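Visitor: I would like to go through this model by question and answer. Please show it to me.

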Amino acid sequence: VDGFPRAIASLASAWRAPEKERQRGEDDPTWRRIYLGAIAAISLGAIGVLLWQSALLTLVAIATTASFLTAPVLSWLGHRAMHGAEVPEEARPRPWLTAWSWLGIALQLAFALYYGVTLLS
């Protein structure tokens, strides 16, 4: 319950300003608001799933769908983070790893689209 909201708050904080110009973690009031909002959203979502669906197969289907649909986005965010302005040129991935990353993102997107189409049909 704690780790994912912290990651969401840190990600939102990183998008607002470069690392050197922003407050860190719990010292930032905006970070704290996002963190508490994420805890509330995740808690309400979990309670809603437990109350709304009692079948294990439905929970597995929800988790599978969420995984397939979020994987390309999370991969792109990781790719973007490693190629961001804050990362020194010598610490960035080599060109072949960058190409491999784009291939992985494209394949994940293709699988997500295929999964979405098969789910709707």
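Visitor: Which residues of α4 are buried?
Guide: This is a predicted model. Buried here means under 20% relative accessible area. In α4 that cut-off picks out Thr98, Ile105, Ala112, Tyr115 and Gly116.

Visitor: What distance does helix α4 reach from its first C-alpha to its last?
Guide: Helix α4 covers residues 95-120, which is 26 residues. At 1.5 Å a residue, 38 Å is expected. The model comes close to that, with a reach of 38 Å.

Visitor: Is threonine 65 buried or exposed?
Guide: Threonine 65 is found in helix α3. Its relative accessibility is 18%. The cut-off for buried is under 20%, so threonine 65 counts as buried.

Visitor: Is serine 75 buried, partly exposed or exposed?
Guide: Serine 75 has its place in helix α3, residues 56-82. Its relative accessible area is 25%. Buried needs under 20% and exposed needs over 50%, so serine 75 is partly exposed.

Visitor: What separates the C-alpha atoms of serine 75 and isoleucine 105?
Guide: Serine 75 touches Ile105 and Gln108, not counting residues up to four places away in sequence. Ile105 is also among the buried residues of α4. Serine 75 and isoleucine 105 are 30 residues apart along the chain, and their C-alpha atoms are separated by 6.1 Å.

Visitor: Are α1 and α2 parallel or oblique to each other?
Guide: The axes of helix α1 (residues 3-16) and helix α2 (residues 29-52) come within 8 Å. They cross at roughly 140°. Only angles over 145 count as roughly antiparallel, so α1 and α2 are oblique.

Visitor: What is the handedness of the crossing of α1 and α2?
Guide: Residues of α1 in the contact include Phe4, Ile8 and Ala12. On the α2 side, Trp31, Tyr35 and Ile42 are among them. The crossing is right-handed.

Visitor: What share of the contacts with a separation of 6 or more is between residues 24 or more positions apart?
Guide: The chain has four helices and zero strands, in the pattern α-α-α-α. Buried residues make up 17% of its 121 residues. For contacts between residues 24 or more positions apart, the share is 58%.

Key
Residues are numbered from 1 along each chain as its sequence is written. This is a predicted model: local features need pLDDT of at least 70, side-chain atom pairs count only at pLDDT 80 or more; totals for chains, interfaces and linings use all residues. Side-chain values use heavy atoms; hydrogens and water are left out. Helices (H or I, at least four residues) and strands (E, at least two) are DSSP runs, numbered from the N terminus. Buried means under 20% relative accessible area, exposed over 50%, partly exposed in between (1.4 Å probe, protein chains only). Contact means heavy atoms within 4.5 Å. The expected span of a helix is 1.5 Å times one less than its number of residues. Axes are lines fitted to C-alpha atoms, for helices over the stretch in contact, and angles run from 0 to 180 degrees between N-to-C directions. Angles under 35 degrees count as roughly parallel, over 145 as roughly antiparallel, 65 to 115 as roughly perpendicular and the rest as oblique. A crossing is left-handed if the near helix is turned anticlockwise from the far one by less than a right angle, and right-handed if clockwise.
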